[in-house]
Amino acid sequence: MYPKHMRYTKEHEWVAAVGDVGAIGITDFAQHELGDIVYVELPEVGRHVKPGETLGTIESVKAVSEVYAPVSGVVTEVNAALADAPETLNKDPHGAAWICKLRLKDPGELDKLMDADAYAGFVAK
């Protein structure tokens with residue numbers, strides 16, 4: 001259910017890194033818990049973030065939830081399509097609904113995150 005090439009946080013974000021760039025999004029578990037997503041606040045390109053810092057917010061019919069940076073880096077790109085179609089987070093959370101991309105400051109930080117099996121075990125509790 002959770003793509004093996006991604007790393008996961010306890011706050012239900014994922015990061016998929018290719019070289020020194022990581023795409024960031026929320027997990028299927030997170031979107032399911034939020035319910036129908038109606039708005040996404042994206043981070044600013046050029047912003048420097050550290051692990052655990054807020055990247056943006058997601059608003060659903062149930063709640064408003066913050067999206068946290070799983071790793072440190074600089075925001076290089078945002079998924080502007082989410083502004084017009086925030087429901088994409090419900091439909092394809094591990095694919096088309098990436099929130100932003102970071103140029104990773106320290107790719108070694110990925111090793112501190114959960115792999116797919118560990119995350120599946122975490123959400124099963």
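This report walks through the charged pairs and the aromatic rings of one predicted model.

## Ground rules

Residues are counted from 1 along each chain as its sequence is written, and side-chain values use heavy atoms, leaving out hydrogens and water. Because the model is predicted, local features need pLDDT of at least 70 and side-chain atom pairs count only at pLDDT 80 or more, while totals for chains, interfaces and linings use all residues.

## Salt bridges

Let's start with the charges. There are 3 salt bridges in the structure (a side-chain nitrogen of Lys or Arg within 4 Å of a carboxyl oxygen of Asp or Glu). One of them joins Asp117 and Lys4, with the closest N and O atoms 2.5 Å apart. Asp117 belongs to helix α4 (residues 116-124) and Lys4 to the segment before β1 (7-8), so this pair ties together parts that are 113 residues apart in sequence. Helices (H or I, at least four residues) and strands (E, at least two) are DSSP runs, numbered from the N terminus.

Are these two partners buried or exposed? Asp117 counts as exposed at 52% relative accessibility, and Lys4 counts as exposed at 60%. The cut-offs are under 20% relative accessible area for buried and over 50% for exposed, with partly exposed in between (1.4 Å probe, protein chains only).

Next up, Arg103 meets Asp20 in a salt bridge at 2.9 Å, N to O. Arg103 is in strand β9 (residues 100-104) and Asp20 in the loop between β2 (13-18) and β3 (21-26), 83 residues apart. Arg103 is partly exposed at 40%, and Asp20 is partly exposed at 35%.

Glu77 and Lys101 form a salt bridge too, their closest N and O atoms being 4.0 Å apart.

## Aromatic rings

Now for the rings: how many aromatic pairs does the whole structure hold? A search finds 4. Rings of Phe, Tyr and Trp (its six-membered ring) pair if their centres lie within 6.5 Å; planes under 30 degrees apart are stacked, over 60 edge-to-face and the rest tilted.

Tyr2 and Tyr8 are edge-to-face, 5.9 Å centre to centre with 75° between the planes. Tyr8 and Tyr119 are stacked, at 4.9 Å and 15°. Tyr8 lies in strand β1 and Tyr119 in helix α4, so their pair ties together parts 111 residues apart in sequence. Both Tyr8 and Tyr119 are buried. Together, Tyr2, Tyr8, Tyr119 and Phe122 make one aromatic cluster.
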